[in-house]
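Work through the exercises below with the sequence and the model open side by side. Try each task before reading its solution.

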Amino acid sequence: MSTLDAFLVGWFALTAVAVTYVAYDAFTQTPLMKIMRWGWILLTLYTGPLGTLLYVVSCRAPTRAAHERFIVPRWKQAVGSTIHCVAGDAAGIIAAAAITTALGLPRRIDLVVEYAAGFSFGLLVFQALFARGMLGGGYLAAVRRSVYP
């Protein structure tokens with residue numbers, strides 16, 4: 001096994017532990033909206049132990065009751081907003097990359113498809129679909145309220 005292979009196996013093992021921790025904590029210990037739970041899990045899948053570190057310093061309060069006070073600083077709110085955006089966009093990009101690679105599409109087409117899929121998935125699923133309760137009304141109203149800003 002090469003050094004790079006050993007590093008990758010170690011990284012994937014650490015990522016599995018990191019995702020397990022974040023998933024367990026987000027669903028049992030930290031009072032988060034459902035979409036943010038999945039956002040943190042996806043981000044940790046993408047970034048491994050670094051995602052867990054970010055989760056712990058910006059979202060994981062010492063106690064369940066202290067969560068609302070813990071996330072008051074603007075930088076923690078900005079991290080939460082970024083996680084929401086990155087998780088949705090990256091899910092679309094990764095799905096599109098898998099499909100365009102399987103189809104053997106040229107790089108320039110791959111780039112356009114990935115960008116469009118990332119933007120569309122982030123906007124239409126992670127923003128409008130999952131946040132429709134906060135945005136008021138049905139899905140189409142949520143899409144309109146998501147597009148305008």
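Predicted model: local features only at pLDDT ≥ 70, side-chain atom pairs only at ≥ 80, totals over all residues.

## Exercise 1: the whole chain

**Task.** Describe the fold: how many helices and strands does the chain have?

**Solution.** 
- Step 1. Count the elements: 8 helices and 0 strands.
- Step 2. Read along the sequence: the pattern is α-α-α-α-α-α-α-α.
- Step 3. Take the extent: the C-alpha trace spans about 50 × 45 × 25 Å along its principal axes.
- Step 4. Check burial: 34% of the 149 residues are buried.
- Step 5. Check the range of contacts: among those between residues at least 6 apart in sequence, 52% join residues at least 24 apart.

## Exercise 2: the core

**Task.** Find the largest nonpolar core. Which residues have the most contacts inside it?

**Solution.** A nonpolar core is a set of buried Ala, Val, Leu, Ile, Met, Phe, Trp, Tyr and Cys residues joined through side-chain atoms within 4.5 Å.
- Step 1. The largest one has 16 residues, and Leu32, Met36, Trp40, Tyr55 and Ile83 have the most contacts inside it.
- Step 2. The elements that give two or more residues to this core are α1 (3-28), α2 and α5.
- Step 3. The largest share, 6 residues, comes from α2.
- Step 4. Zoom in on Tyr55. Beyond its neighbours within four places in sequence, Tyr55 touches Tyr21, Val22, Asp25, Ala26, Thr30, Leu32, Trp40 and Arg60.

One background point: in soluble globular proteins, nonpolar side chains tend to be buried together.

## Exercise 3: aromatic pairs

**Task.** How many aromatic pairs does the whole structure hold? Classify two of them.

**Solution.** Rings of Phe, Tyr and Trp (its six-membered ring) pair if their centres lie within 6.5 Å; planes under 30 degrees apart count as stacked, over 60 as edge-to-face and the rest as tilted.
- Step 1. The search finds 6 pairs.
- Step 2. Phe7 and Trp11 have ring centres 6.4 Å apart and planes at 20°, so they are stacked. Both lie in helix α1, 4 residues apart, about one turn of the helix. Trp11 is partly exposed, at 27% relative accessible area.
- Step 3. Phe121 and Phe126 have ring centres 6.1 Å apart and planes at 45°, so this pair is tilted. Phe121 is partly exposed at 30%, whereas Phe126 is buried at 4%.
- Step 4. Look for linked pairs: Tyr21, Trp40 and Tyr55 form a cluster.

## Exercise 4: around Phe126

**Task.** Which residues does Phe126 contact, leaving aside its neighbours within four places in sequence?

**Solution.** 
- Step 1. Phe126 sits in helix α6.
- Step 2. Its contacts are Ile35, Gly39, Leu42, His84, Ala87, Gly88, Phe121 and Ala131.
- Step 3. Take Gly88. The C-alpha atoms of Phe126 and Gly88 are 5.2 Å apart, across 38 residues of chain.
- Step 4. Phe126 also lines the second largest pocket, together with His84, Cys85, Asp89, Phe119, Gly122, Leu123 and Gln127. The elements that give two or more residues to that lining are α5 and α6 (107-129). The most, 5 residues, come from α6.

A pocket here is found on a 1 Å grid over the protein atoms alone, as an open set of points where a 1.4 Å probe fits, with protein on both sides within 12 Å along at least five of seven lines; lining residues have an atom within 4 Å of a point.

Methods. Residues numbered from 1 in each chain as written. Heavy atoms only, no water. Buried < 20%, exposed > 50% of the residue type's maximum accessible area, 1.4 Å probe, protein only. Contact = heavy atoms within 4.5 Å.
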